[in-house]
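Student: I would like to learn how to read a model of this kind, feature by feature. Could we begin with the way it is divided into parts?

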Amino acid sequence: MSYPENLRYTKEHEWVRAEGDVGTIGITDHAQKELGDIVYVDLPKVGARIEQGKSLGSVESVKAVSDIYSPVSGEIVEVNESLGQAPEKLNQDPHGSAWLVKVRMSVPDELKQLLSAADYQTYVGAES
Amino acid sequence: MAQSVALKRTPLHAVHVSMGAKMVDFGGWDMPVQYSSLVEEHHAVRKAVGLFDVSHMGEIEVCGPEAVRLVDYVTTNAASRLHIGQAQYSGLLYEHGGFVDDILVHKVADDHFFLCVNAANQEKDFEHIRAANKFDAQVEFSSGRYAQIAVQGPLALRTVERLTPVELGSIGYYWFKDGTVSGVQARIARTGYTGEDGFEIYVAPAEAPRIWNELLEAGRDFGIKPCGLGARNTLRLEAKMALYGHEIHASITPYEADLGWMVKLDKGEFIGRSALAKQKEHGVSRKLVGFEMRGRGIGRDGYEVRLDGLAAGWVTSGSPAPSLNRNIGLCYLPAGEARPGRAIQVMVRNQAVDAETVNTPFYKRAKTA
């Protein structure tokens, strides 16, 4: 699996793609593989405020439940409602159509603290 | 994370790693939790056939003229009623009636019993049995002599029969035969932990990788899948089979765990008998019961269970049930409330989610002729 260059990554296995001041957030391919078959996704509502490093929701697979830690701070502007009916999309396209939420970022400098694709690749290579 | 103690490995460890299985620490053993997808592996076992490495399980042999007396003294079920070639599920208890372990007892000969025990309990079980040996019997810790491969599913028989001259159809459920598989000595038991038909095959560790590969080849046109402990757990939970450390442990008795059928109080003295007799007379205060989630959420191991808003018990195992498309679980409740049809709430991450107690097993395979 190659990790897209245009995403920034956390050590907790989330990613964010910045376009202007809006960041799209998801979980990584490594995360979905670790979780296995995903059955539930719990996400915040539009308008909710999230903070970098804090839980913004959870993903639950057949065998475990796991928090999603926000890579950036800001306000939720859009939620991927399609995951409610089809959480398995997270196993199939975690870096694409199975994004979780879009957030209006309040501290754009937070992006600099996140890992590049190459660094994340090295990190998950070392972790496993 | 730093490992202070090296994880133990089965003879099939290198095979799992080379096949890309996801490995996890399971009670000190580095075991495959899944190969491809837990759900796909689960369905392969329900609809076709799946292959499990269960070599981490322990083996203890009890031999000698009074072997049956020792086995009967340390277990709840009646070993003396077994025929040669027959196996039984049984409990190894403390004097106070709680579980040391749940085990399978196989009668190999009048003076030879073969016990299959849980991986994490094997040393403890061995010490427990040896300490209770006031008979003319020898107790041998023989885990190192066996690898164990479970072949489970409706097409398990047709898979294994390609590798053995043993007439598998003549082995009844919970019976076993010694013979050859892939040309080497094996014990073939018609037992399992999935709720499906199938076999558990005990072989010498050095032979396990070759037999594993030959079984995969033999089952290829049936769609055989290597399966991990993840699928093993969802399969056994649907069939309501107990897991040590969850449904049963040192503070739980067979009556509480709804396993009264494995207790034979009339067989004579055994460790735990007086505590169980007393409990049978007075009744249990808590009992294991199945539940299904009604609200959105999964009740998992350790979650609190409430009755009418008040804490009343705990979940021992819970998971989505891939064969049922429901979220199921087992929990302990006050005995008077542990009946099907009772509305309960499970505390899922600080939220009370509605659930209902139900009849078990959740899944039962269709009987074939």
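Tutor: Domain bounds are taken from an automatic or database domain assignment. For chain B, that assignment gives domain 1 (13-54 + 146-238), domain 2 (58-141) and domain 3 (285-358). Residues are numbered from 1 along each chain as its sequence is written, while chains are lettered from A and ligands numbered from 1 in the order in which they are written. This is a predicted model, in which local features need pLDDT of at least 70 and side-chain atom pairs count only at pLDDT 80 or more, whereas totals for chains, interfaces and linings use all residues.

Student: What average pLDDT does chain B have?

Tutor: The score is the predictor's confidence in each residue, from 0 to 100, and where it is low, the predicted coordinates should not be read in detail. Chain B averages a pLDDT of 96, and 98% of its residues score at least 70. For the complex, the predictor gives an ipTM of 0.82 and a pTM of 0.93.

Student: How many residues does each of domain 1 and domain 2 of chain B give to the contact?

Tutor: Two residues are in contact if their C-beta atoms, placed from the backbone, lie within 7 Å. The C-alpha centres of domain 1 and domain 2 of chain B lie 24 Å apart, and the contact takes 10 residues from domain 1 of chain B and nine residues from domain 2 of chain B. Ala, Val, Leu, Ile, Met, Phe, Trp, Tyr, Cys and Pro count as nonpolar, Asp, Glu, Lys and Arg as charged, and the others, Gly among them, as polar; on that scheme, the side of domain 1 of chain B that touches domain 2 of chain B has six nonpolar residues, three polar and one charged.

Student: Is helix α3 of chain B mostly covered or mostly open?

Tutor: Helices (H or I, at least four residues) and strands (E, at least two) are DSSP runs, numbered from the N terminus. A residue is buried if 20 or more other C-beta atoms lie within 10 Å of its own, exposed if 12 or fewer, and partly exposed in between, with C-beta atoms placed from the backbone. Helix α3 (residues 67-74) of chain B is mostly covered, since seven of its eight residues are buried, including Leu70(B), Val71(B) and Tyr73(B). These buried residues pack against β4 (58-63), β5 (87-93), β6 (99-109), β7 (112-117) and α4 (122-131) of chain B.

Student: Where is the cis peptide bond?

Tutor: Most residues other than glycine have a negative phi, and most peptide bonds are trans. The bond from Thr360(B) to Pro361(B) is cis, with omega near 0°, and Pro361(B) lies in the segment after β19 (351-358) of chain B. Phi of Ser182(B) is near 55°, a positive value in a residue other than glycine. Ser182(B) lies in the loop between β10 (176-181) and β11 (184-189) of chain B, and is partly exposed, with 18 other C-beta atoms within 10 Å.
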